[in-house]
Amino acid sequence: LKHLERKPLAASFIALCPPPRCHLEVMSLEEKFKEAAESVKTMEFKKTVPTARKLILYGLFKQANEGDNTGSRPGMFSFEARQKFDAWEAVKGKDKETCMREYIEELEAQIREFKD
């Protein structure tokens with residue numbers, strides 16, 4: 001009769017389905033993007049990230065969230081606003097999924113290059 005004993009369903013299911021190696025593997029692209037965008041706000045780097053690289057993230061973030069830029073380019077005395085505008089314009093026409101994927105990839109590259 002011992003061989004007829006039933007194992008709890010959860011225990012047998014867990015044995016058949018190993019846990020994912022990383023929680024990011026089971027997250028959707030949009031969830032990964034949101035987590036990356038949130039983490040960059042408090043992330044500290046040991047090396048200075050060049051402004052050009054920060055602007056890449058900015059442009060991809062704006063394009064993913066708002067689509068193509070419809071505003072007019074700021075004047076030359078609004079240097080920071082002009083740089084942000086140009087970064088967003090550089091990714092004009094890219095679809096949301098591509099921008100989210102490239103944002104995550106760029107952030108991962110920045111972490112590898114500037115975090116330690």
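**A close look at helix 2**

Mentor: The buried residues of helix 2 pack against helix 3 and helix 5. Buried means under 20% relative accessible area and exposed means over 50%, with partly exposed in between (1.4 Å probe, protein chains only). Packing rests on contacts, meaning heavy atoms within 4.5 Å. Helices (H or I, at least four residues) and strands (E, at least two) are DSSP runs, numbered from the N terminus.

This is a predicted model, in which local features need pLDDT of at least 70 and side-chain atom pairs count only at pLDDT 80 or more, while totals for chains, interfaces and linings use all residues. Residues are numbered from 1 along each chain as its sequence is written, and side-chain values use heavy atoms, leaving out hydrogens and water.

Let's begin on the inside. In helix 2, the buried residues are F33, A36 and A37. Around the helix axis they cover an arc of only 95 degrees, so they sit on the same side of helix 2; the arc is taken over the directions from the helix axis to the C-beta atoms.

Two of these names come back in the largest nonpolar core, which has 13 residues: F33 and A36 are among those with the most contacts inside it, together with L60, A64 and Y103. A nonpolar core here is a set of buried Ala, Val, Leu, Ile, Met, Phe, Trp, Tyr and Cys residues joined through side-chain atoms within 4.5 Å. Helix 2, helix 3 (51–66) and helix 5 each supply at least two residues of this core, and helix 5 gives the most, with five residues. As a general rule, nonpolar side chains in soluble globular proteins tend to be buried together.

A salt bridge is a side-chain nitrogen of Lys or Arg within 4 Å of a carboxyl oxygen of Asp or Glu, and the structure holds 10 of them. One joins the side chains of K34 and E30, at 3.8 Å from N to O. Both residues belong to helix 2 (residues 29–39), where they are four residues apart, about one turn of the helix. K34 counts as exposed because its relative accessibility is 52%, whereas E30, at 35%, is partly exposed.

E30 has another partner: its side chain also meets that of K96 in a salt bridge, again listed at 3.8 Å from N to O. Because E30 lies in helix 2 and K96 in helix 5 (residues 96–114), this pair ties together parts that are 66 residues apart in sequence. K96 is partly exposed, with a relative accessible area of 36%. Elsewhere, the side chains of K92 and E89 form a salt bridge at 4.0 Å, N to O. Both are partly exposed, K92 at 46% and E89 at 26%.

Let's move on to helix 3, one of the packing partners of helix 2. Q63 lies in helix 3 and is buried, with a relative accessible area of 3%. A polar atom of the Q63 side chain lies 3.2 Å from the backbone oxygen of K94. Beyond four places away in sequence, Q63 touches several residues, including D68, W88, V91, K92 and C99.

Helix 4 (residues 79–89) holds A87, which counts as buried because its relative accessibility is 15%. Although A87 and G59 are 28 residues apart in sequence, their C-alpha atoms are 4.7 Å apart in space. Setting aside residues up to four places away, A87 touches L55, Y58 and G59.

Finally, step back to the whole chain. It has five helices and zero strands, following the pattern α-α-α-α-α along the sequence. Of its 116 residues, 23% count as buried. Among contacts between residues at least 6 apart in sequence, 75% join residues at least 24 apart.

Terms used. Polar contact = N/O pair within 3.5 Å; in protein donor to acceptor, adjacent residues only side chain to side chain.
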